[in-house]
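Please look over the model shown here. A short briefing follows, grouped by topic.

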Amino acid sequence: MSLRARANGWFERRYPMRAIREGLAHQMHKLLPPHVSWLHTLGGLLLFLAAQQILTGILLMVYYRPTTEDAYESVRFLMLKASFGWLIRGLHAWGATLMIAVLVLHMLRVFIMGAYKRPRELTWVGGVLIFFTTLGFGFTGYLLPWNQLSYWATTVGTEVAASIPGIGRSLGVLMRGGEAVGQETLARFYTMHVVVLPWVLVFLMIMHIVMIRTQNLAPLEAVGEERPLDPRTAVSFAPQHTSRELVVFPLFFALMIAVVILFPPEIGVKADPTVTPEGIKPEWYFLPTYQLLKYLPKLLGLGLSAIPPLLLLLWPFLDRSRARRPSQRKLSVTIGLGALLLTVLLGLVGYLSESEITLFGKHIRFDMYGVPEVVPAGR
Amino acid sequence: MALFFALCAQTPAATTPNSCVACHAEIAKLEAGRAHAQAEIGCVACHGGDSAQAEKDAAHAASAGFSGKLGALATVELCGNCHADVARMNPYGLPTDQLAQYRTSRHGQGLFTDHDESGAICSSCHGAHGILGPKSSESPVHPTHVAQTCGKCHGDESLMTAHGLAATAPAAYAKSVHAQVLAKGDDSAPQCATCHGSHGAIPPGFGSVAAVCGKCHMREKELFQKSPHAPLVETGDFPGCIVCHSNHAIQPAEPRIFESVCGLCHGGTPEVLAKRDRIAGALNSSNELLAAREAELQAAAQHGLASDEDELFLDEARTGLKSARVLQHSLDPARVEEVTGEARGQLEALRLRLQKERDAQRWKRLALLPVVAFLILMSLGAWVRFRRLHSHA
C-alpha cells in the first residue's frame, strides 16, 4: 500500500473525508431547472459580496479604533498611511452599497419568477431577513467613520426610532446608550456591526443556502404541476452554472475596483455635535423612508412605513395563487413593480430634496418636500 | 422613599411678618431669593415705614420714617450708604468705590453738579427691585446685557437730543465685530463699559483712545506708538485708532481700509501711498494664497488625503499672517513683507506636500489597472469556456 493511500486511510478512520467529498460532488453536479439564466448568478454574487465584506471588514478592524476621539483619525490614517488602506475601505464602502443593490435585484428576480411559492415560503422569509440584516449593517456601519454626515444621519435615524409611541424613548436610549449620539452609541453600533450582525447574517445565509440546496431552484411550472427535471434539458450546477458565475464574479470585482478608483469614498469632516450641517441625509437605501416621513404626521408616517417591510416578509402567505410564470400573475407582478417604482420615486425625490441643480441652463431648487422652484438668475 | 424625600425637605425658618407683602406682592415676588433678600435687607431699609403694621396708614406713617419712592439723588445716596461702607461690604467681598467713581462720571456730574435727575442712577442699570449680582447671566449689567441696558437711554433719541448727544451708538455697536464676538458667547468681548467704564462712565478723551483700545490690543498699541502717526496724537492732530476703525461700529479690520482711509490725508503724497500699496499688496496676496490653500486642504481632507502635519503648515501660515496684520500698525512695509514672506513659504510647502500626496494617490490607482485588466481577462476566459459548454449541451 502506498504512503498516500495509508495516510488517506488514517484520516478516513478519524474524519469522514469520503462522505464529505461525495456529498460535495453530489451538490456540485446537481441538476437545475432549464430556465436557469444569467439572472440566477445574482444569489451567488451576493455570497461573493458577503465574503468580500467580511474579509475587508476584518482588515479594516486592524486599524479602526471605535472611540469618539480616535475613530475619525484612525480612518484617516487608514486612507493615508496604511498600505492599500484606501482600497480596502473603498471596497468595503462600495461593497455595502452594491450588496444592497444586488440584493434588491435578486429579490426582484425571485418575485417576478414566483420562486417564493410553496414550498419555498421560508426561503423567501429568510431572504427578506438577510435583506433587513444587510440594512442593519448599513445603518450601524455608516456611523463608524465618525464624520459630520454619519453623526447627524445617525442622530436623525435614532430620533425616528425614539418617536415610536410607547417604547420609542426606551428604544432611542437603548440604541444610543443615552439621550444623544456619543461614545456609548459608537461602541454599541460597532459591536452590532462587527459581532452581532455578522453572526446573524452567517446563520441566515447558511439556512437560506441549505433550503435552496435541499429544495432546488424553483421551476416555472405552477405549484403542484412541477415535473421531474429532464437531464437532457436541465442545467448542471457544475460546470454549466458555475461557468456562468465565473464569468460574472471577476467582471463584477473588476467593476468594483474601477468604481473605487474613479469614485473613492470620502471621509468628510470630523463629527462635531455642536455644529449641525445643512442637508443631512441618510444613505440612499433609507432615502424612500426618510422622504415618506416628511409628508405625513409622525405617528401616521411611522405606522405606514412599517407596512412595506411586513408585506415583503409575509408576501408568500398572502399571494396564494398557484401560477409562477409572470405572464399568468399580472396583478401580483403589477403590485410588485408598482411598489418598486414608488420606492424608487420616493428615493429620487428624497435625493433631490433640499438641493439645487442646473438643468438645461435653468437653476432649480428643491424644497424639503422635493417641490422644484426655478431660481431667477442673479439670486 | 417617603423617608428619603422627608429628610431632604427643608423646614422654612421662622421670619418676622412683613405686612408690605400684602399689597406689594409683585415686588415681593421680584425680591425673593435675590441679593438683597439673601442679605435680609427688607423694604423698610430703603423705603422706611413700619412693616409690622397691618394697616396701610400706620405702615406708611411719616412718623415711622416712610419715604416712599425715592428721587434720583436720594436713591444714589441711599445705595451709597451701604455700598460705600467698607465694613458692610467686606463680608460680601464687594468693592466700595462705586459711589466715588459715579461722582466722577458724566452721569454723576449731571446729578451732583447740574442737579439734572434725568441721567442714569444706580437703579437705571441695576434695577430697583430683584437686583442680581453682575456675574448672574440674567443681570442687566452682565456683559451680555450691558449694551441693551445702556441702549435704553443712549438709544432714546429725545433723551439724547436733550443732552446734546447722538442716539446712534447702540445701533452702531450692534453691528460691530465686538458685538458679534459677544453674541457668540465670549463674555470677555468689549461692550460699553469696557471702553467707557461702568460706574465712572465717561467718553474716552481724544488722546486716550489708543490707551483704551490698547487695553486689549496691546501689540497693536505698542507698534502704533512707534509709528509716524503717534506724535500726531500727542499734538492733537490725529484721533488714533478710530480714524481707520471708527468707534462704535468697529468692523473686522480688512485690507480695504487701506484704499478707503489712507488717501483721505495722504492723497497728495505718492511716496506714502507707495508704502501703503506695498503693505496692502503683501497682505492681500498672502490672504488670497491662504484662502486657496485652505480650500485645497479642505478638499484633500474630504477624501482623507490630508494629515495632521498638513494642518500644522496651514496653522503656521495663519499665525504668520495674523502677526503680519498686527505688524501693519508699524507702517513699515519691509517688516510686513518679511513676515508675510515666511507665511507664503509655509503655504508653498503645503502646496507641494498636497501635490505630492495627489501624485502618489494617482500612481497607486494606476497600479491597479493591471489587476482590473487581469480580472477582465479571467472573465473572458470563463466566457469562452461557458460558450464551449453551452454548444456541447
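How many residues of domain 1 of chain A are in contact with residues of domain 2 of chain A? Six residues of domain 1 of chain A are in contact with 14 residues of domain 2 of chain A, where contact means heavy atoms within 4.5 Å.

This is a predicted model: local features need pLDDT of at least 70, side-chain atom pairs count only at pLDDT 80 or more, and totals for chains, interfaces and linings use all residues. Residues are numbered from 1 along each chain as its sequence is written, chains are lettered from A, and side-chain values use heavy atoms, without hydrogens or water.

**Domains**
- Chain A splits into domain 1 (1-32) and domain 2 (34-219 + 229-347); the bounds come from an automatic or database domain assignment.
- The centres of the two domains, taken over C-alpha atoms, are 37 Å apart.

**Domain interface**
- Domain 1 and domain 2 of chain A bury about 970 Å² between them, 59% of it on carbon and sulfur atoms. Buried area is the accessible area (1.4 Å probe) that two parts lose on being put together, summed over both.
- On the domain 1 side, helix 2 (17-28) and strand 1 (31-32) of chain A each give two or more residues. Helices (H or I, at least four residues) and strands (E, at least two) are DSSP runs, numbered from the N terminus.
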